Amino acid sequence: MIFRFHYPKSYCFLLSLVLIMLGCSRNEKRDLKSNLRPVIGLITDFSTKDPYVSQMKGVIYSLDPYARVIDLNHEIDPFNLAEAAFIVDQASREFPADSIFIAVIDPGVGTDRKAILFESKARKFYIGPDNGIFSLVMDREGIMGAWVLDKPEIWRNRQPSQTFHGRDIFSPVAAFLSKGGKPQNVGSKVSQEKLHFLSFSPASIIGESVSAQVLYVDHYGNIITNIPLGLVSWIKEGNLLRIQIGKITLAAPCVKTYSDLPLGKIGVLYNSSGYLEIASNQGSAAKVFKAQSGVSLLIHP
Amino acid sequence: MIFRFHYPKSYCFLLSLVLIMLGCSRNEKRDLKSNLRPVIGLITDFSTKDPYVSQMKGVIYSLDPYARVIDLNHEIDPFNLAEAAFIVDQASREFPADSIFIAVIDPGVGTDRKAILFESKARKFYIGPDNGIFSLVMDREGIMGAWVLDKPEIWRNRQPSQTFHGRDIFSPVAAFLSKGGKPQNVGSKVSQEKLHFLSFSPASIIGESVSAQVLYVDHYGNIITNIPLGLVSWIKEGNLLRIQIGKITLAAPCVKTYSDLPLGKIGVLYNSSGYLEIASNQGSAAKVFKAQSGVSLLIHP
Amino acid sequence: MIFRFHYPKSYCFLLSLVLIMLGCSRNEKRDLKSNLRPVIGLITDFSTKDPYVSQMKGVIYSLDPYARVIDLNHEIDPFNLAEAAFIVDQASREFPADSIFIAVIDPGVGTDRKAILFESKARKFYIGPDNGIFSLVMDREGIMGAWVLDKPEIWRNRQPSQTFHGRDIFSPVAAFLSKGGKPQNVGSKVSQEKLHFLSFSPASIIGESVSAQVLYVDHYGNIITNIPLGLVSWIKEGNLLRIQIGKITLAAPCVKTYSDLPLGKIGVLYNSSGYLEIASNQGSAAKVFKAQSGVSLLIHP
């Protein structure tokens with residue numbers, strides 16, 4: 001009788017517990033796996049003045065109301081693939097696994113250039129034209145897999161415009177991944193050898209000097225070179241170097257941070273991404289050297 | 001006795017079930033209906049340099065912590081209502097039902113110009129001054145209803161500033177809708193006839209030619225005209241046309257996409273919104289024609 | 001027997017209720033306290049062209065996937081601490097309690113300038129260099145507490161770069177707060193007297209005139225002065241004043257809003273933040289007066 005009295009109580013209690021746990025875990029899963037979206041970062045040369053970025057956002061939110069779209073960069077120099085490759089690499093590097101990036105610097109839109117998704121070994125997803133803009137991030141993060149976007153059934157519509165794949169193809173594919181779609185379901189696998197890469201010649205040692213290139217000039221006028229930390233031992237804090245860009249050669253100390261230089265004076269330092277940077281304390285090194293991205297430079301001890 | 005033994009168990013079980021379902025459905029509703037907000041898109045001529053957009057965001061997040069505010073465009077040419085109408089129409093078109101837009105291009109702020117909310121037949125909500133900036137989106141999406149914002153009890157405060165209704169009136173109304181408020185509760189219904197419209201003269205056929213206007217010049221220098229797809233049969237891929245803007249007349253092929261043109265050469269194509277666009281492959285057609293929005297043009301076969 | 005029959009039922013019912021309430025309140029708390037993040041607003045002089053803002057966003061989302069990062073301003077005039085102080089104050093003022101702000105205008109990065117978190121009496125959190133950029137917001141909101149960021153265990157890594165504390169220190173601290181971390185756990189308490197303040201001389205009455213300074217020139221060309229509402233009684237709607245900036249003196253009426261002035265004509269009004277503003281209806285007062293932030297001005301009755 002005791003047992004029978006306790007039976008319903010225990011049964012009921014356990015049942016409640018199980019049901020509540022089911023309920024909670026359902027919530028847990030919905031929150032964490034389904035409703036909390038990875039961010040979708042947008043990198044374009046569209047500017048923020050024109051309506052194109054807004055249209056991409058509209059497509060993504062239409063297909064996935066839970067999406068979390070964030071602006072990364074819309075001011076890539078139009079059609080400048082090398083700068084795009086640099087920005088895609090630099091802008092994406094700190095993001096966590098599962099993040100999705102759409103990059104639209106796409107002068108060949110509407111031609112037979114491929115549209116691709118690639119998944120890096122850091123488990124991040126990159127969507128855009130196969131024109132080399134992913135070269136540097138592919139180098140840094142490695143390629144886990146790549147797919148050609150050839151499944152119109154997940155696009156905005158089956159007849160995409162010839163001039164705006166960012167809206168009609170890349171954004172729907174990003175929304176598809178955002179909702180939990182698998183990369184292998186966006187198109188046909190493509191091997192690494194068939195992808196387009198830009199060639200970036202690395203910095204090299206020539207005699208006693210370093211021959212290098214300007215990767216990027218930032219809006220302060222800092223000149224970011226392709227010389228990585230550790231290439232030569234004599235580019236180190238405390239040493240005085242000579243920097244030659246075009247017809248201009250200047251002596252410059254190697255310092256730790258901008259403020260180690262007198263105001264307006266030129267120096268070099270290893271920047272926060274590990275590249276050698278030519279800078280001026282609160283001034284523009286690029287103006288002094290008339291430098292822009294892509295030009296060559298020499299550094300002499 | 002069996003019944004009476006089972007009674008508490010069943011009762012308890014059912015009760016648990018009902019309570020859990022209530023709990024879950026409450027969560028469900030809160031998550032889906034209440035906590036997942038429609039996006040609030042901001043379109044202004046405020047620039048991103050000044051603090052005005054930040055203040056609007058602050059007001060919205062203060063009134064609705066769950067709000068999802070996104071930037072669409074803050075670089076409308078100051079006070080340019082025709083450009084604003086174009087951008088509001090183009091920037092909003094891909095967004096889903098329930099989306100909310102605030103448009104602040106408002107040279108008449110503080111005068112007796114009306115402040116309105118209008119709901120389109122696509123079930124999207126547009127908030128801003130009644131100065132014509134919604135003309136094109138009203139045309140495209142249709143008007144379901146419109147209301148004059150005359151209920152100070154839902155504003156930031158009852159004495160709004162005379163110079164910043166974007167912060168004091170439009171943002172609170174957007175937060176009100178974001179939280180699930182009904183459009184009819186933001187103010188008095190106003191009939192369509194009492195709203196202000198900008199007149200955009202449509203492209204027309206004059207003799208053998210098309211007379212049209214420049215709707216917008218984008219940052220690439222593409223010239224977007226008001227000639228819709230299908231107006232005349234002879235503007236089609238493969239044909240050579242003559243384009244006349246001001247004193248400049250140039251021959252231009254009609255192509256499918258930018259890359260069909262030689263680098264730097266002028267052509268025309270139907271763009272991703274269905275308008276005829278005069279473009280140059282990786283160059284600026286606007287510079288070639290010295291064109292800006294609002295000017296007239298002729299296209300000859 | 002009745003009692004014993006009811007015992008399990010009641011017990012079970014109450015137990016269910018308690019468990020469900022626990023479950024719900026756990027959800028409630030997770031949703032409201034844990035998963036619904038306060039916004040993290042970014043204010044920098046990084047521009048949106050360079051990859052630095054993206055890297056900060058990446059760090060924050062890596063450390064707190066639930067974070068809600070919003071852009072406030074990335075176009076502060078580089079290294080202009082006075083303008084930064086104005087923008088930080090104006091951009092943050094409408095945000096609710098719990099909001100987090102990162103301000104990176106940091107010419108002294110890598111030197112011994114302190115990095116701080118301060119909590120205002122409005123319960124908002126401000127993270128950045130201790131170089132005076134928080135002067136105006138500290139004045140307006142008051143200081144509840146301030147801490148020096150000296151706990152490397154919550155940074156991006158224990159060896160932060162010497163040139164980018166926005167990424168390596170400020171962003172991780174913001175993510176720490178976003179996840180519910182306490183301000184006292186980010187570093188050592190620092191007293192108000194040890195913080196760096198910029199000196200802003202207030203507007204003053206000299207004889208019959210007001211001597212003041214330009215706080216900011218906005219992108220319309222409106223000149224925002226440091227003259228607060230109520231300083232003198234004769235600056236009021238309807239009165240005609242004389243405004244002197246540098247060598248230029250002009251008569252200007254005091255009006256309620258921009259449209260009260262003829263197109264292109266100069267006037268003054270109290271703006272939406274309560275400061276006296278010199279404006280031109282759809283024109284640039286700054287161009288007329290050749291004014292920029294920091295310059296002095298006189299207003300005569």
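Modeller: Axes are lines fitted to C-alpha atoms, for helices over the stretch in contact, and angles run from 0 to 180 degrees between N-to-C directions. Contact means heavy atoms within 4.5 Å. Helices (H or I, at least four residues) and strands (E, at least two) are DSSP runs, numbered from the N terminus. This is a predicted model, in which local features need pLDDT of at least 70 and side-chain atom pairs count only at pLDDT 80 or more, while totals for chains, interfaces and linings use all residues. Residues are numbered from 1 along each chain as its sequence is written, chains are lettered from A and ligands numbered from 1 in the order in which they are written, and side-chain values use heavy atoms, without hydrogens and water.

Colleague: Across which strands of chain B does helix α5 (residues 165-178) lie?

Modeller: Helix α5 of chain B lies across β1, β3, β4 (115-120) and β5, at about 175° to β3(B). Helix α3 (residues 81-92) of chain B lies across β1, β2, β3 (100-104) and β5 (125-129), at about 155° to β1(B).

Colleague: How do you know that β1 and β2 of chain B pair?

Modeller: Strands pair if DSSP finds at least two bridges between them. Strand β1 (residues 39-44) of chain B is joined to β2(B) by five bridges, and the two run parallel; they therefore pair. B:Val39 stands opposite B:Arg68 of β2(B).

Colleague: What makes β2 and β7 of chain B edge strands?

Modeller: The open sheet of seven strands, with mixed pairing, has the order β2-β1-β3-β5-β4-β6-β7 in chain B. Strands β2 (68-73) and β7 (188-189) each have a single partner strand, so one side of each lacks a neighbour in the sheet.

Colleague: Why is α2(C) called oblique to α5(C)?

Modeller: Helix α2 (residues 52-63) and helix α5 (residues 165-178) of chain C pack at about 40°, with axes 9 Å apart. Angles under 35 degrees count as roughly parallel, over 145 as roughly antiparallel, 65 to 115 as roughly perpendicular and the rest as oblique; α2(C) is therefore oblique to α5(C).

Colleague: Which residues of α2(C) meet α5(C)?

Modeller: Among them are C:Met56, C:Val59 and C:Leu63, and the α5(C) residues that they meet include C:Pro172 and C:Ala175.
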